[in-house]
Each structure stands twice: as C-alpha cells, then as structure tokens.
Amino acid sequence: MHRRIAGELGSSILCGRRAVGSLLPKEMNASVDFGISRTAYREAVRMLVAKGLVESRPHLGTHVTDRRRWQILDPDVLRWAFDSGPSLSFIQELFELRGILEPHAAELAAGRRTAQQLTSMAEALDEMAGRGLASAEGRAADERFHEAILEATGNQALMTLSASICAAIHWTTYFKYRSHEPPRDAIPDHRKLYAAIVDKDGDRAARAARELIQLALADTRASLVGSSDEGPARRKRRKME
C-alpha cells in the first residue's frame, strides 16, 4: 500500500502537478483522501524522502525539494517518471547520459570480455529476437544484454550503474512500444554491437553503441510525439490496458 501511494505522489511530483516547494498533505488529511492508515502514508513519505523528492521539517511539514536533489536514476523514480508521461527534455537527458557512458563501456568490454560473458550476451540476444521487445520477457533479455556488457568492462564503478542504466533502457523501450505505431526493429543494432565485442574491436563497438543509442532516441522521440497526438480518450484506454 505504501509503495502504491509513494508511486502516486512521486508521479505527481515528477510531472509537475506538485510544484517544487509545495507541501504534501498532512497525515490526517492524507489518510482520509487516500483511504489508508496514517502509518502507510508515513512509510510512503519516507520512501520519497529517501529518493530525494521531498523533505520533512519539524513544524513546517513535508515539501517537494528542488529538482537537483531528485535521484532521477533510481529505478522507482524512473518508473514514476514514465508513468506520469515523460517530457522530451527528460528523455533527452537520459539518452545523453547513455551516450556518455555506454560507448566507452562497449569499447572496454570488447577488450576484456570473457567467453562466459559472450555466451550471456548471445543468449540474451536470442531471447530478445524470439520474444520481441514488445514483451516483458524480451525487455528483460534486453536488460541482461546491456548488463552483461557493463559486467564485461571489469570496471566496478561502471557496474554499480548497471541497475540505473538498465532501468532507463527498460522504461524507454516500454514507452516506445506503448505507441500506436510499432517502432523500428532494434535487434539488428544490438547484433552489430555484439559482433564488434566478439571481434574485440573496441572502436567498432563504441561506434555501434553510439549508433544504437542515437537510433533509440529517435524512436523514443517519435513515440512521444505519437503519444501526444492521441486523443484523451485513447490515452486513457491505453493506460488502462
């Protein structure tokens, strides 16, 4: 229950319905409005505090913090952002981050990967192709593919970002496939990246990763435009599905 309420509040903050500096409802009012116990609401607020979205001060209440304090790469925060309808600038920032990190990670992976890591990438690719990225199973395989690349870098600092990067990949892919028009097939782009890593060609792997990210950004932009062109009734029906 507290996670559901945290998600509702988090989405309202991330989409701007609750402005920076605004106060969250007091416990007594919130328990009535949401139909939950005060304890559940308190736990939801604690969850938001831990992710930097709100701050509680004695006698002043709980207010929405400045955006610079939000833990945008937290997997829950990313999910709430996409639930609330991400802005183009938010998506652009996520892909800029990927563009900074992933090409160099692919270059490192090409020089350091093990046979087992290549097997993990190949198995993930096969499942992506077989299941399709429109399915939850296909998207999970996509995450495993990128996770295996980060693991193959042998760089612990990069590997700690794995959950955040994979969450960003998951939600942008999920968002693309919510569009009424199916996006371009991204499997060949992933195979090109994999082939470069197999060949231990770092430069080619970096180029393939960069190209994959640029094409994914173009697809996501197109999906965002398509989503904004839908009528309110259609958006409501799609959200309920």
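The largest cavity in this predicted model holds about 120 Å³ of space. A cavity here is a set of points, on a 1 Å grid over the protein atoms alone, where a 1.4 Å probe fits but cannot get out, and lining residues have an atom within 4 Å of a point. Its volume is the space filled by probe spheres set on the points. Of the 17 residues lining the largest cavity, T173, K176, H190, L212 and A216 are the closest to its centre.

The model is predicted, so local features need pLDDT of at least 70 and side-chain atom pairs count only at pLDDT 80 or more, while totals for linings use all residues. Residues are numbered from 1 along each chain, and side-chain values use heavy atoms, without hydrogens and water.

The whole structure has two cavities of 30 Å³ or more. The table sets out their volumes and lining classes.

| Cavity | Volume | Lining by class |
|---|---|---|
| Largest cavity | about 120 Å³ | six nonpolar, five polar, six charged residues |
| Second largest cavity | about 90 Å³ | nine nonpolar, one polar, one charged residues |

Among the residues lining the second largest cavity are E102, H146, L193 and L212. At least two lining residues of the second largest cavity come from each of α5, α7 and α11.

Elsewhere, D74 sits in the loop between β2 (61-64) and α4 (75-83). D74 counts as buried because its relative accessibility is 17%, where buried means under 20% relative accessible area (1.4 Å probe, protein chains only). The side chain of D74 reaches the backbone nitrogen of D76 at 2.8 Å.

How values were computed
Helices (H or I, at least four residues) and strands (E, at least two) are DSSP runs, numbered from the N terminus. Buried means under 20% relative accessible area, exposed over 50%, partly exposed in between (1.4 Å probe, protein chains only). A polar contact is a pair of N or O atoms within 3.5 Å; within protein, one must be able to donate a hydrogen and the other to accept it, and residues adjacent in sequence count only if both atoms are side-chain atoms. On a 1 Å grid over the protein atoms alone, a cavity is a set of points where a 1.4 Å probe fits but cannot get out, and a pocket is an open set with protein on both sides within 12 Å along at least five of seven lines; lining residues have an atom within 4 Å of a point. Ala, Val, Leu, Ile, Met, Phe, Trp, Tyr, Cys and Pro count as nonpolar, Asp, Glu, Lys and Arg as charged, and the others, Gly among them, as polar.
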